[in-house]
Amino acid sequence: MSSAPVSRTAPNRVFVGRLAGTTVFDPLGDPVGKVHDVVVLIRSQGLPRVVGCVVEVPGKRRVFLPITRVVSIAPGAVITTGLLNIRRFSQRASETLVIGQLVDRKVTLRDGSGDAVISDVAIEQQRNRDWLVTQLFVERSPGGRGLRRRRGEQLIVEVEEVVDLAGGPGPQPATTLLSTIADLKAADVADVLHDLPMDRQLELAAELSDERLADVLEELSEDDRVAIVSAMEANRAADVLDLMQPDDAADLVNELPPDVAGSLLELMEPEEAEDVRRLIAYPERTAGGLMTTEPIILPPESTVAVALASARRPDVTPALATMVFVVRPPLETPSGKLLGVVHIQRALREPPAVQLGSLLDVDIETVGPHDDIGKVTRLLATYNLTALPVVDDEGRLLGAISVDDVLDHLLPEDWRDADTDDTDTAMTRSVHG
């Protein structure tokens with residue numbers, strides 16, 4: 001995030017862009033987490049008041065740290081008075097997240113010189129020890145009036161010098177927020193999205209590329225992803241579904257209202273839509289409902305070099321990349337007869353020109369599309385596998401089930417939204433119960 005030069009910052013003033021990622025320490029000097037965002041109350045009169053920080057603690061959980069428990073705030077460290085409350089942060093309607101919501105907001109300069117977009121926000125401690133938002137680091141919008149104004153001019157203004165700080169009607173871009181999540185894994189981006197209000201979720205989703213959004217939707221909870229897809233323009237939603245793993249796309253389509261699901265299937269690429277239609281025909285907790293229709297599939301005359309290149313494809317998940325399914329033509333599911341599998345670990349020990357037909361594991365266990373999740377789990381655990389083939393009565397490959405999809409269905413239904421400790425406790429009780 002852009003922020004103001006250090007020389008413009010008073011000793012008791014901190015720009016939140018520099019504060020994000022700062023380590024939070026307890027009174028003994030032990031680190032307890034990192035600052036993720038700052039929570040403020042924007043009032044009709046007076047400067048916005050800081051009420052606390054959102055702190056990310058181990059386990060990727062975000063908790064609330066009241067400002068009353070903060071001894072000092074500086075770009076290098078935040079010192080607290082004691083232990084953090086470990087309950088997950090839940091934003092109230094009256095609260096605003098500085099990075100999540102205030103940054104990228106368009107405001108109007110009170111001097112009549114035009115609009116500007118907020119790039120960073122300064123908070124400053126007062127004599128009564130309250131922290132208030134006092135300054136904004138903004139970039140002037142193109143077309144601002146005044147002979148000496150430049151396009152994209154950056155400047156620091158006092159809060160009183162802008163209007164509409166609470167936000168006006170219309171969408172708000174997520175340009176700066178997007179830059180803060182550029183290097184995060186899809187699961188972590190999903191976590192960031194979940195913590196935002198719905199309107200901000202939609203704005204951030206609109207800024208993501210189709211490929212990135214497809215990966216993120218696969219990691220979101222049912223409620224969040226249904227809301228995002230339902231609010232999207234239909235053609236883009238269909239494009240994103242095309243890019244998702246078929247099993248994840250099928251799960252999402254199953255969660256949508258029937259009329260919306262039907263419309264999106266009609267807009268999808270025919271081959272991708274056919275895969276999804278095949279998968280949604282099976283109950284959710286069966287092998288057919290769990291499988292993906294796009295594992296690595298090769299003929300027996302293919303070589304080790306081809307198998308390794310296929311395993312390196314970015315669209316193949318790590319769990320599926322451990323195994324190549326060798327079949328007779330056709331090579332698209334439902335394929336010809338499954339001949340066996342080649343484990344990538346075995347292939348790595350062979351010369352590149354060796355044909356896969358000579359490396360087959362023909363004793364691999366298979367499941368039928370109507371076998372339940374219990375059988376699938378037992379076979380994966382018994383034979384230490386990360387994937388299993390799903391075949392029909394004639395031995396043709398229909399798809400493959402990866403261990404990550406099985407785990408996703410064995411965890412509590414709301415595990416993506418629940419506190420980490422709550423999920424761990426629930427699973428521990430399930431195992432020992």
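Predicted model: local features only at pLDDT ≥ 70, side-chain atom pairs only at ≥ 80, totals over all residues.

Trainee: In what sense do β14 and β15 pair, and over how many bridges?

Mentor: Two strands pair if DSSP finds at least two bridges between them. The strands themselves (E, at least two residues) and the helices (H or I, at least four residues) are DSSP runs, numbered from the N terminus. β14 and β15 (residues 323-327) are parallel, with 2 bridges.

Trainee: Which strands make up the open sheet, and in what order?

Mentor: The order is β14-β15-β16, 3 strands with mixed pairing. β14 (297-298) and β16 (338-343) are at the edges with a single partner strand each, so one side of each has no neighbour in the sheet.

Trainee: How should I read a strand with a partner on either hand, such as β11?

Mentor: In a regular strand the side chains alternate between the two faces of the sheet. β11 (residues 131-140) pairs with β10 (residues 115-125) in the antiparallel sense over 9 bridges, and V121 is opposite L136 of β11. β11 also pairs antiparallel with β12 (residues 154-158), over 5 bridges; there Q135 has E158 as its bridge partner.

Trainee: What lies between β10 and β11?

Mentor: The two strands form a hairpin with 5 residues between them, and R129 there takes a positive phi near 80°. β4 (residues 49-57) and β5 (residues 61-66) run antiparallel and are joined by 6 bridges, with V54 opposite F64 in β5.

Trainee: Is β11 mostly covered or mostly open?

Mentor: Buried means under 20% relative accessible area, exposed over 50%, and partly exposed in between (1.4 Å probe, protein chains only). In β11, 9 of the 10 residues are buried. Helix α9 (residues 246-255) is also mostly covered, with 8 of its 10 residues buried; among them are D247, D248 and D251.

Trainee: Where is D242, and is D242 buried or exposed?

Mentor: D242 sits in helix α8 and counts as buried, at 13% relative accessibility. Its C-alpha atom is 8.5 Å from that of A214, a residue 28 positions away along the chain.

Trainee: How do I read a charge pair?

Mentor: Side chains of opposite charge can pair when their charged atoms come close. A salt bridge here is a side-chain nitrogen of Lys or Arg within 4 Å of a carboxyl oxygen of Asp or Glu, and by this rule there are 18 of them. In one of these, E124 meets R13 at 2.9 Å, N to O. That pair links distant parts of the chain, E124 being in β10 and R13 in β1 (residues 13-15), 111 residues apart. E124 is buried at 16%, and R13 is buried at 15%.

Trainee: What about K375 and D371?

Mentor: They form a salt bridge whose closest N and O atoms are 3.3 Å apart. K375 is partly exposed at 31%, and D371 is partly exposed at 21%. Elsewhere, E56, R62, R88, D191 and D195 are linked in a salt-bridge network.

Trainee: Which residues gather in the patch of negative charge on the surface?

Mentor: They are E233, D239, E269, E271 and E332. Patch residues have over 30% relative accessible area and no salt bridge, and like charges are joined within 9 Å. E271 belongs to helix α11 (residues 270-280) and counts as exposed, at 65% relative accessibility.

Technical notes. Residues numbered from 1 in each chain as written. Heavy atoms only, no water. Patch = residues over 30% accessible without salt bridge, like charges linked within 9 Å, V, L, I, M, F, W, Y side chains within 5 Å. Areas by Shrake-Rupley, 256 points an atom, 1.4 Å probe, with all protein chains shown as cover. Lys, Arg positive; Asp, Glu negative; His and termini not counted. Charge placed at Lys NZ, Arg CZ, Asp CG, Glu CD.
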